[in-house]
Amino acid sequence: MSGVMKRMGMIFRAKANKALDRAEDPRETLDYSYQKQLELLQKVRRGVADVATSRKRLELQLNQLQQQSTKLEDQGRKALALGREDLAREALSRRAALQQQVTDLETQHATLQGEEEKLTLAAQRLQAKVDAFRTKKETIKATYTAAQAQTRIGEAFSGISEEMGDVGMAIQRAEDKTAQLQARAGAIDELLASGALDDQSGMAKDDIQAELDRLSGGTDVELELQRMKAELAGGSPQQAIEGGTGQGQSQQQPQDTPRFDKQ
């Protein structure tokens with residue numbers, strides 16, 4: 001049972017892979033990959049902007065702390081000038097605490113500045129790769145489209161495409177049926193001429209009947225000729241006909257057409 005399930009799974013995956021291969025368009029795949037790269041580049045750019053914003057915020061804080069430190073230093077100097085050493089000492093203590101904060105912020109600022117430079121360089125490199133991929137993508141798409149068009153034109157000329165194949169099969173079937181009908185019509189004509197088939201209309205005649213009809217028609221013509229000769233000679237048409245018939249029968253040649261002697 002396990003082997004059957006594995007085989008079914010393999011067949012299903014093979015058919016699914018084949019179906020996906022037919023449905024896949026390389027141009028769509030390239031466009032999708034380019035879109036994903038643009039999204040990644042946009043994320044990197046947002047990261048650079050975020051780091052730059054943090055760096056700018058630290059710079060503002062540093063400026064404020066430095067201004068406060070300068071102000072405390074001036075206040076301590078003035079207090080010392082007025083003989084207030086205690087106030088001068090307090091001002092210098094506060095200035096020292098601010099100076100420690102300034103040092104920490106300067107360290108963070110340097111770190112953020114280094115990260116910003118790295119991200120900026122990475123964004124520039126990624127931008128170059130995206131631009132190169134876009135150029136290559138368009139080149140591949142144009143080449144694929146041209147090859148596809150050339151293949152379709154070649155298939156149309158050679159008749160191996162599905163559409164042209166269907167048309168060719170239809171033409172072949174029509175030619176086969178036409179040839180079959182022509183052969184059947186010729187065979188029927190030959191059979192009717194030979195008398196092998198009965199003519200239901202009663203118009204067909206065999207060779208013997210055709211010969212009898214021909215002889216009968218020739219005899220009628222000769223009889224009419226004898227009658228006209230008798231009328232011209234002033235005799236009886238019936239005697240001329242009987243006399244002509246007797247002479248014609250006694251002197252009939254082997255040929256099919258009867259011959260009569262002149263009176």
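Me: What comes after α2, and what is its phi like?
Reply: In this predicted model, α2 is followed by G83, a residue with a positive phi, near 85 degrees.

Me: How much of the protein counts as buried?
Reply: Of its 263 residues, 15% count as buried. The protein exposes about 20,400 Å², of which carbon and sulfur atoms supply 56%.

Me: Which residues make up the largest nonpolar core?
Reply: That core has 8 residues, namely L30, Y34, L41, V44, A123, L126, V130 and F133, and the elements giving two or more residues to it are α2 and α3. Apart from this core lies another, of 7 residues, including L65, L72, L98 and L105.

Me: What does L126 touch?
Reply: Once residues up to four places away in sequence are set aside, L126 touches L40, L41 and V44.

Me: Switching to aromatics, how many pairs are there?
Reply: The count comes to 1 aromatic pair. It is formed by Y34 and F133, whose ring centres are 6.5 Å apart and whose planes are at 15 degrees, so the pair is stacked; planes under 30 degrees apart count as stacked.

Me: Is Y34 buried or exposed, and what lies over its face?
Reply: Y34 has a relative accessible area of 14%, so it is buried, and K137 lies over the face of its ring, at 5.0 Å from the ring centre.

Me: What about H109, buried or exposed, and which residues is it in contact with?
Reply: H109, which lies in helix α3, is buried, with a relative accessible area of 13%. Leaving aside neighbours within four places in sequence, H109 is in contact with R55, L58, E59 and L62.

Me: Last one: what share of the contacts with a separation of 6 or more comes from residues 24 or more positions apart?
Reply: Such residues account for 66% of those contacts in the protein.

Note on methods: Residues are numbered from 1 along each chain as its sequence is written. This is a predicted model: local features need pLDDT of at least 70, side-chain atom pairs count only at pLDDT 80 or more; totals for chains, interfaces and linings use all residues. Side-chain values use heavy atoms; hydrogens and water are left out. Rings of Phe, Tyr and Trp (its six-membered ring) pair if their centres lie within 6.5 Å; planes under 30 degrees apart count as stacked, over 60 as edge-to-face and the rest as tilted. Buried means under 20% relative accessible area, exposed over 50%, partly exposed in between (1.4 Å probe, protein chains only). A charge sits over a ring if NZ of Lys or CZ of Arg is within 6 Å of the ring centre and within 35 degrees of the ring normal. Helices (H or I, at least four residues) and strands (E, at least two) are DSSP runs, numbered from the N terminus. Contact means heavy atoms within 4.5 Å. Accessible areas come from the Shrake-Rupley method with a 1.4 Å probe; for residues, only the protein chains shown count as cover. A nonpolar core is a set of buried Ala, Val, Leu, Ile, Met, Phe, Trp, Tyr and Cys residues joined through side-chain atoms within 4.5 Å.
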